[in-house]
Amino acid sequence: MKSRIKAAQIAFKAVNAYRRRDVRCHYPPLRLWVEPTNICNLNCRMCPTPHIDSPKKGFMDFELFKNIIDQTKGYIFDIFLLLRGEPLLHSRIAEMVAYCNKNGIRTLLYTNGTMLNEKLGYELLKAGLDVLAFSFDGYDKATYENIRVNAVFEKTLSNILLFIKIKNKLKSKKPYIIIQ
């Protein structure tokens, strides 16, 4: 409850600063976007990730991640674990979620769903993930596989349905699931 009040106070300051057209931020951030990895297993038509020079690709060090959380945990309300890469490729993604959860920070994870399996599903649920959004472009196999190059429609759909089944089996209220 305390973190929600603090988040509301920061949001109020942000709205007022926006209305005043402040060019300088006089309040801490409310939300973080952290990229656990900029590596992706797909080659989606709309994504710049495949065009990043390979020496610049990698995985965030877990100690660096913890340091970021430790520095921001007093005022950050939530964290998005994504950007260009596929976060489920990071071997410690569930630990990242758990560390945020332990520090009172809501976690939101966007994924293409292709790497999700039963073991990882249980780990994410146990870690306390708050929101899991699946980027699932296309209503049919042909459209989906044309957009999400190297993905298999049936396999990804199966991964999503398996996760929902595990969540229901555990009677877990979290994470809130989005399919977009």
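This is a predicted model: local features need pLDDT of at least 70, side-chain atom pairs count only at pLDDT 80 or more; totals for chains, interfaces and linings use all residues.
A nonpolar core is taken here as a set of buried Ala, Val, Leu, Ile, Met, Phe, Trp, Tyr and Cys residues joined through side-chain atoms within 4.5 Å, where buried means under 20% relative accessible area, exposed over 50% and partly exposed in between (1.4 Å probe, protein chains only). Residues are numbered from 1 along each chain as its sequence is written, and side-chain values use heavy atoms, with hydrogens and water left out.

**The core and its elements**

- Helices (H or I, at least four residues) and strands (E, at least two) are DSSP runs, numbered from the N terminus.
- Beyond its neighbours within four places in sequence, F65 is in contact (heavy atoms within 4.5 Å) with V34, M60, I79, L81, M96 and C100.

**Helix α3 and its partners**

- I93, A94, M96, V97, Y99 and C100 are the buried residues of α3, and they pack against α2, β2, β3 (106-111) and α4.
- With α4, helix α3 packs at an angle of about 10 degrees, the axes being 8 Å apart; axes are lines fitted to C-alpha atoms, for helices over the stretch in contact, and angles run from 0 to 180 degrees between N-to-C directions.
- That angle makes α3 roughly parallel to α4, since angles under 35 degrees count as roughly parallel, over 145 as roughly antiparallel, 65 to 115 as roughly perpendicular and the rest as oblique.
- I93, A94, V97, A98 and N101 of α3 meet L120, E123, L124 and A127 of α4 in this contact.
- The residues of the α3 and α4 contact divide into seven nonpolar, one polar and one charged; Ala, Val, Leu, Ile, Met, Phe, Trp, Tyr, Cys and Pro count as nonpolar, Asp, Glu, Lys and Arg as charged, and the others, Gly among them, as polar.
- Just after α3, G104 takes a positive phi of about 75 degrees.

**Two buried loop residues**

- I76, in the loop between α2 and β2, is buried at a relative accessible area of 3%.
- Not counting residues up to four places away in sequence, I76 touches P29, L30, R31, L32 and I105.
- The C-alpha atoms of I76 and G104 are separated by 8.7 Å, although these residues are 28 residues apart along the chain.
- H90 is in the loop between β2 and α3 and is buried, with a relative accessible area of 6%.
- Leaving aside neighbours within four places in sequence, H90 is in contact with P36, F59, M60 and M96.

**Aromatic pairs**

- Rings of Phe, Tyr and Trp (its six-membered ring) pair if their centres lie within 6.5 Å, and planes under 30 degrees apart count as stacked, over 60 as edge-to-face and the rest as tilted.
- The count by this rule comes to seven aromatic pairs.
- One of them is the edge-to-face pair of F62 and Y99, 6.5 Å centre to centre with 75 degrees between the planes.
- This pair links distant parts of the chain, with F62 in helix α2 and Y99 in helix α3, 37 residues apart.
- F62 counts as buried at 8% relative accessibility, and Y99 is buried with a relative accessible area of 13%.
- Y144 and F153 also form an edge-to-face pair, 5.6 Å centre to centre and 70 degrees between the planes, and both residues are buried.
- W33, F80 and Y110 are linked into a cluster by ring pairs.
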